[in-house]
Amino acid sequence: MASTNKDQITLSSSPIFISTENLRTILTHQTLINHIQSNLPKASTFLQTPIRQHYNLSPSSSLLLMPSWSSTPSFPYIGVKLVTHFPENSSQNLPGVQGSYVLFNSTTGQTLASMDSTELTLYRTSCVSGLASKYLARDDSEILVMVGAGALAPHLIKAHFSARPSLKRVFIWNRTVEKAKTLAKKLSESDEFPLSGLSFEGCGNLDEVVGFGDIVSCATNSEAALVKGERLKVGAHLDLVGSFKHSMKECDDEALKRGKVFVDNEAALVEAGELVGAFERGVIKEDEIGGNLLELIRGDKVGRSSSEEITVFKSVGSAVVDMLAAQFVYETYTRT
């Protein structure tokens, strides 16, 4: 476990606000992937994480509360993530997901820091997917199909590239094709992929390109299956990020039937629309799930077992990984 600066934690007299700009200078996808991979096994033994509280504010909007706290003095933190989900904000050119992360001292209860949980979640979510790719995607993956062109899409592309630097081409699909093309152009012109030779292309027909994907990563609010399992290529890795309630799904039953399915944590089995629906319809059984991210890191479960195998990773997020990301940001910030 990364060491904590306990003297600074104890003596700090007022809470720190870590701006989004500072957070972006602290985090890279590669460093956060490495931090999660190194620290998740131990952190999972002493972090208490009750089931998240999810309140529907309207038919389309919701409030989520995700607390976590440490039971050991060597990791003296309490963390709470507060998130609002307003998907119709896109019509006002506002983010659909917004929130704050508040970190406390678990010995004194003192407020230590607050930071933009929207940005933190973009990094955390994408890095969990990137980390899963290290175990589940083929080593020689060259083509990534990005389904969705929202705020999470560029983070997922960077995280998957960090995990699989063999990637050479990225297709970006969005219901509004102009958004896909705009993101492709922006990434093509950015300096975040130096000397990689990575090319980006926006496209309007998902069925035409999904079959090229060595990795297919989905980050949408869709309530209708977007990825058709029959179109996945042999050896593909399907990464499902978007759904977090029963009405949402990003792939059909065939994708789950053809693939070996893994989850980030057990909450996905009761929250993710793709899985809950598949269980109810008898498409797959819970005991057929290949394992979770922690088991993959520990080596308790085997990820990809052949180059022909199709793998599926469904994530819904966890307060443990939120805490690890916030801890990394806070301790890096207070050391500088």
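1. Leu 183 and its contacts. Leaving aside residues up to four places away in sequence, Leu 183 touches Ala 149, Ala 153, Pro 154 and Ile 172. In this predicted model, Leu 183 sits in helix H6, which spans residues 177–189. Its relative accessibility is 9%, and the limit for a buried residue is under 20%, so Leu 183 counts as buried. For a sense of distance, Lys 245 is 62 residues from Leu 183 in sequence, and their C-alpha atoms are 27 Å apart in space.

2. Residues up to four places away in sequence aside, Lys 179 touches Ala 149 and Asn 174. Gly 150 lies 29 residues from Lys 179 along the chain, with 8.2 Å between the two C-alpha atoms.

3. Glu 223. This residue is placed in the loop between strand S11 (215–218) and strand S12, the latter covering residues 237–240. With a relative accessibility of 51%, Glu 223 counts as exposed; the cut-off for that class is over 50%. Which residues does Glu 223 touch, not counting those up to four places away in sequence? They are Ser 247, Met 248 and Lys 249. Ile 143 is 80 residues away from Glu 223 in sequence and 26 Å away in space, C-alpha to C-alpha.

4. Asn 93. A positive phi is found at Asn 93, a residue other than glycine, with a value near 60 degrees. Most residues other than glycine have a negative phi. Asn 93 is located in the loop between strand S5 (77–85) and strand S6 (97–105). Its relative accessible area is 73%, so Asn 93 is exposed.

5. Helix H10. Residues 273–280 form helix H10, and seven of its eight residues are buried. The buried ones are Gly 273, Glu 274, Leu 275, Val 276, Gly 277, Ala 278 and Phe 279; a charged residue, Glu 274, is among them. Which elements cover the buried residues of H10? The cover includes strand S12 (237–240), helix H8 (253–258), strand S13 (260–263), helix H9 and strand S15 (311–314). Just after H10 comes Gly 282, with a positive phi of about 75 degrees.

6. The second largest pocket. This pocket holds about 490 Å³ of space. There are 25 lining residues, and those closest to the centre are Thr 49, Asn 265, Ser 318, Ala 319 and Val 320. Sorted by class, the lining has 14 nonpolar, six polar and five charged residues. At least two lining residues come from each of helix H3 (29–46), strand S4 (62–70), helix H4 (117–136), helix H9 (268–271), helix H11 (293–298) and helix H12 (319–335). Which helix gives the most to the lining? H12 does, with three residues.

7. Domains. The domain assignment gives domain 1 as 16–120 + 320–335 and domain 2 as 132–318. Domain 1 therefore has two segments, given the bounds in the assignment. Between the domain centres, taken over C-alpha atoms, there are 23 Å. In the contact between them, 19 residues of domain 1 meet 17 residues of domain 2. The second largest pocket of point 6 draws at least three lining residues from each of the two domains.

8. The protein as a whole. The protein has 12 helices and 15 strands. Why is a radius of gyration of 19 Å in line with a compact globule? Because a compact globule of 336 residues would have a value near 20 Å, and the 19 Å of the protein agrees with that. Along the principal axes, the C-alpha atoms fill a box of roughly 60 × 45 × 40 Å. Buried residues make up 55% of the 336. Among contacts with a separation of 6 or more, 72% are between residues 24 or more positions apart.

Notes
Residues numbered from 1 in each chain as written. Predicted model: local features only at pLDDT ≥ 70, side-chain atom pairs only at ≥ 80, totals over all residues. Heavy atoms only, no water. 1 Å grid on protein atoms, 1.4 Å probe; cavity = no way out; pocket = protein on both sides within 12 Å on 5 of 7 lines; lining within 4 Å. Points joined across faces, edges and corners; volume = space filled by probe spheres on them. Helix = DSSP H or I, 4+ residues; strand = E, 2+ residues; numbered from the N terminus. Rg over C-alpha atoms; globule rule 2.2 N^0.38 Å. Buried < 20%, exposed > 50% of the residue type's maximum accessible area, 1.4 Å probe, protein only. Contact = heavy atoms within 4.5 Å.
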